Amino acid sequence: MTQFKEKYGPWALVTGANASIGKAISRNLAARGINIVGVARRQNLLAQLEKELVADYGIEVRTIQADLTEPGSISMIEQHTSDIEIGLVVPNAGFEMSGDFIDSPLERNEKMLQLNVIAPMQMARIFGAKMTQRGRGGILFTSSLFGYQGIPYVANYAAAKAYILTLGEALNVELKPHGVDVTVLSPGLTDTDMPANMPINFSRLPMFKQSPISVAQIGINALGHKATVVPGLLNKFYAWENRLIPRTWPVNLFGFLIRHAYKKDTLMAATTQKC
Ligand SMILES: NC(=O)c1ccc[n+]([C@@H]2O[C@H](COP(=O)([O-])OP(=O)(O)OC[C@H]3O[C@@H](n4cnc5c(N)ncnc54)[C@H](OP(=O)(O)O)[C@@H]3O)[C@@H](O)[C@H]2O)c1
């Protein structure tokens with residue numbers, strides 16, 4: 001525990017900290033004595049997080065209400081944290097889009113890339129540079145099992161997660177000599193609001209739901225040990241098998257499975273959802 005705090009403390013910056021996987025990561029880190037800067041949009045849930053972490057773990061908490069789809073939001077967070085030492089960055093906030101790509105609103109696709117790709121890249125660049133100067137620290141990216149291959153009907157989200165996966169893999173090697181550990185956590189289906197709000201009936205897919213608490217634990221435990229980690233045996237198999245077979249096979253398989261798992265009534269709503 002103490003070693004962990006020395007390596008990745010005193011503060012961790014977690015985006016999407018007020019719910020689901022991000023909240024589970026924040027609680028896990030707080031239990032290890034790490035102070036938390038929690039970022040998200042819903043202020044009431046941020047206030048609740050702060051109350052819980054202080055009461056349960058006696059750590060310091062700072063919350064920043066920010067919409068990370070807004071360009072400039074990461075610079076604003078940098079300014080608000082310039083007086084503290086961020087030893088661990090967890091760019092976890094994300095949203096997904098599903099439906100026919102050509103019918104999906106362009107602006108929403110751009111916002112998704114801003115949140116899922118640009119913001120994590122900026123955080124890694126800005127805070128990673130400070131960590132390399134100190135010669136210690138960590139970055140825990142959140143990709144997805146969907147980042148391991150193209151996923152028809154979730155195409156842009158899967159492509160965004162593939163970016164995070166390869167960025168993190170590369171930075172794991174590049175930053176290691178500077179004492180900075182980089183790990184990419186790629187969850188499969190996890191029991192949060194995200195899949196619950198997708199127009200896909202996941203019970204029709206060969207996937208098992210995991211709890212955010214166990215996903216968070218697996219990601220944090222991998223820091224400093226693994227470049228990439230996929231929680232769950234079946235998920236590991238999905239991530240691994242496409243190294244042995246032609247890349248198009250799993251893409252076609254996922255396309256077939258997802259097309260048949262659509263909740264037809266909600267598909268239109270998902271593809272036409274406004275920003
Ligand atoms: N759940 C899964 O099955 C699954 C599988 C693979 C990968 N993942 C990845 O895991 C990460 C967390 O997913 P989750 O399931 O925990 O999602 P979630 O339940 O939808 O929670 C998303 C979190 O991100 C925050 N957020 C969303 N949009 C934001 C914005 N524009 N600016 C700032 N914060 C924002 C939300 O808080 P506010 O709404 O208050 O802003 C919330 O804290 C994501 O990167 C996701 O892609 C999830």
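I take buried to mean under 20% relative accessible area, exposed over 50%, and partly exposed in between, with a 1.4 Å probe and protein chains only. The model is predicted, and I keep local features only at pLDDT of at least 70 and side-chain atom pairs only at pLDDT 80 or more, while totals for chains, interfaces and linings use all residues. Residues are numbered from 1 along each chain as its sequence is written, and side-chain values use heavy atoms, with hydrogens and water left out.

**Entry on the rings.** I looked up tyrosine 238 and found that, at 11% relative accessibility, it counts as buried, whereas phenylalanine 237 is partly exposed at 42%. I count rings of Phe, Tyr and Trp (its six-membered ring) as a pair if their centres lie within 6.5 Å, and call planes under 30 degrees apart stacked, over 60 edge-to-face and the rest tilted. The count comes to 6 aromatic pairs, one of which is the tilted pair of phenylalanine 237 and tyrosine 238, at 6.2 Å centre to centre and 50° between the planes. Ring pairs also link Phe146, Phe237, Tyr238, Trp240 and Phe254 into a cluster.

**Entry on α9.** Helices here are DSSP runs of H or I, at least four residues, numbered from the N terminus. In α9 (residues 233-241) I noted Asn235, Tyr238, Ala239 and Glu241 as buried, and the buried residues of α9 pack against α10 (248-261), with contact meaning heavy atoms within 4.5 Å.

**Entry on α2 and α3.** The axes of α2 (residues 20-31) and α3 (residues 43-57), lines fitted to C-alpha atoms over the stretch in contact, come within 10 Å and cross at roughly 25°. The two helices are therefore roughly parallel, a term for angles under 35 degrees.

Key
Axes fitted to C-alpha atoms, helices over the stretch in contact; angles between N-to-C directions. Parallel < 35°, antiparallel > 145°, perpendicular 65-115°, else oblique.
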